[in-house]
Amino acid sequence: MKNIINETLLDPSLKSIYYNGLSDKLSNKISQIKLIVSDLDGTFLSSNGELSHENISSVKSLYNKNINFTLASGRSDMMCASYIKDCNITLPTISSNGALIRNINSKYVISKTIIKPSIAINIMDFCRDNNLDYMSYNLDKIFFTKGSIRIEKFKSYNKIAIKNHTNPIALNFYDTDNTTNHTHKVIADEGILKILLFTKSKKDLDITIEFLNNIPDISFVLSEKNALDISAKGTSKGEALKILCSHLNIPLENTCVLGDYTNDLSMMKLAGISFAMKNSPKHVQEVATFITDSNDNLGVAKALDFILSKK
């Protein structure tokens, strides 16, 4: 497979230039990689949510070189299970944008960070009162608004899961009439890892950000256009990467991450090597060590094959 790789140099003015050569320093860093962590949507998966045979094959080739591989997603890890199975991933995965590190097979939890219940209730009430499409991620449950547009993505995943003989995601809905146990309070008291909300316009996004900026003890990040991931303060994929590396006894400098959006930046800034997808925004590409092809043109497989060629 032909590699399409851009070496990112220290001079910012040269970061967008393609180079055929590779410095000895970077070649050495690549040869020392022991763990590769990839984002899922917009990175490992195509734009229509499919996992290519080429990406699967490249991941399995890593194992022959004693390189570990896992995922770091904004999704619940339950919604990663089918891809974990396809790639024979045995390591814990980072999910809910870093709020959870868990081995989905054994259910062993390395780290779990929840939003303070009173704060979570306040945020969910704001979403409800402003007619936002919002979701809450608990450890083993996900809750949706009635009429949620986002739920279609979960329905699509469930078709993949059933076909692949993995568990589909249960679709739970908020109770706004206080007739079931799916009220904001009950859900918050159970422990919310993250709240994902969607705004319909830039104006609504700005209003929501202004509201969130006045709430202590939370972190939030754009995970896609007009979508905000809200977690407990200090939660990020980058912080989760630190915890995972400590658990695995792998130095951060011996890690490589792949991503495509703002919520991947915290990982990119910590890892020894990072790849941004060609479909990622400019500010993400500027941070990454390399730029590979797009998620719709086997960008991950090309990056992994490039790494393997240096081992």
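Biologist: What makes the space with a volume of about 520 Å³ the largest pocket?

Modeller: The largest pocket has a volume of about 520 Å³, a volume being the space filled by probe spheres set on grid points joined across faces, edges and corners. On a 1 Å grid over the protein atoms alone, a pocket is an open set of points with protein on both sides within 12 Å along at least five of seven lines, and lining residues have an atom within 4 Å of a point. This is a predicted model, where local features need pLDDT of at least 70 and side-chain atom pairs pLDDT 80 or more, while totals for linings use all residues. Residues are numbered from 1 along each chain, and side-chain values use heavy atoms, without hydrogens and water.

Biologist: Why is H5 called roughly antiparallel to H8?

Modeller: The axes of H5 (residues 117-129) and H8 (residues 202-213) come within 12 Å and cross at roughly 160°, which makes H5 roughly antiparallel to H8, because angles over 145 degrees count as roughly antiparallel. Axes are lines fitted to C-alpha atoms over the stretch in contact, with angles from 0 to 180 degrees between N-to-C directions.

Biologist: Which residues of H5 and H8 meet?

Modeller: Asn122, Ile123 and Phe126 in H5 meet Ile207, Thr208, Phe211 and Leu212 in H8, contact meaning heavy atoms within 4.5 Å.

How values were computed
Helix = DSSP H or I, 4+ residues; strand = E, 2+ residues; numbered from the N terminus. Parallel < 35°, antiparallel > 145°, perpendicular 65-115°, else oblique. 1 Å grid on protein atoms, 1.4 Å probe; cavity = no way out; pocket = protein on both sides within 12 Å on 5 of 7 lines; lining within 4 Å.
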